[in-house]
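Here is a short briefing to read alongside your model. Take a look at the fold, then follow one residue and its neighbours with us.

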Amino acid sequence: MSGSSRLDVVGTLEDVLSEPRFAAPAESWWDRLVQRVLAEAARLLAAVIEAVGGPVVAAFIAVGIVGAFALFVGFRLAGRRASVLQERMVLERLLEIGADPDSFLRDAEAASLAGEHARAIRLRFIGGVLDLGRTGRLRYEPGLTTGGMVEQIDDPAFGELADQFDRVVYGSAGAGADDDERSRNGWDRMRQST
């Protein structure tokens, strides 16, 4: 192959490869941003590793932070689960012994007047459920949940009351005067439908 024909091939290749279809796609602003963020994160991680004494120490610190967070979350979930179980056991025991619903309803009104709306909703629900058991509309069974009560009662007003009770007592939702009033009105409707 002569030198001129070799130059012709190289020139032809350069011409072909310079066509737009062979050009690398232009980087978008998003790609540049991601690359910049990743580069800064790597730089920050390197600085942290150097500051704490090396990668082994940094790994121990990271494991400690993740472990502490996992323990915190675990204790919160366990505490919440324990309070839910305790509340259900108390309600079961009250249903078992046939506690006086009127005392719970009086305590609910006192809590309402004191501005303790979540407590009033809780006490009113317990009193109302005990009253439903006393009148025979609710049949007590061990392990009975609010969902099971709703199935037995089959009244939309009770379904709303049970949902409110679950949200306030088990779900730790806040309760205000409007919620308290809605609870009182719901139980009044329940008594009227008996």
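**Ser112 and its surroundings**

The side chain of Ser112 makes a polar contact of 2.5 Å with the side chain of Asp180. Please keep in mind that this is a predicted model. A second polar contact, at 2.9 Å, links the side chains of Ser112 and Arg184.

**Where Ser112 sits**

- If you are tracing the chain, you will find Ser112 in helix H4, which covers residues 101–113.
- Is Ser112 buried or exposed? Ser112 counts as buried because its relative accessible area is 14%, and the cut-off for buried is under 20%.

**Neighbours of Ser112**

- Leaving aside residues up to four places away in sequence, Ser112 touches His117, Ala120, Arg124, Asp180 and Arg184.
- Two residues in that list, Asp180 and Arg184, also meet the Ser112 side chain through the polar contacts described above.

**The protein chain as a whole**

- How many helices and strands does the protein chain have? The protein chain has 8 helices and 0 strands, so its pattern along the sequence reads α-α-α-α-α-α-α-α.
- The protein chain has 194 residues, and 25% of them are buried.
- Of the contacts between residues at least 6 apart in sequence, 60% bring together residues at least 24 apart.
- The accessible surface of the protein chain is about 13,000 Å², and carbon and sulfur atoms account for 61% of that area.

Note on methods: Residues numbered from 1 in each chain as written. Predicted model: local features only at pLDDT ≥ 70, side-chain atom pairs only at ≥ 80, totals over all residues. Heavy atoms only, no water. Helix = DSSP H or I, 4+ residues; strand = E, 2+ residues; numbered from the N terminus. Buried < 20%, exposed > 50% of the residue type's maximum accessible area, 1.4 Å probe, protein only. Contact = heavy atoms within 4.5 Å. Areas by Shrake-Rupley, 256 points an atom, 1.4 Å probe, with all protein chains shown as cover. Polar contact = N/O pair within 3.5 Å; in protein donor to acceptor, adjacent residues only side chain to side chain.
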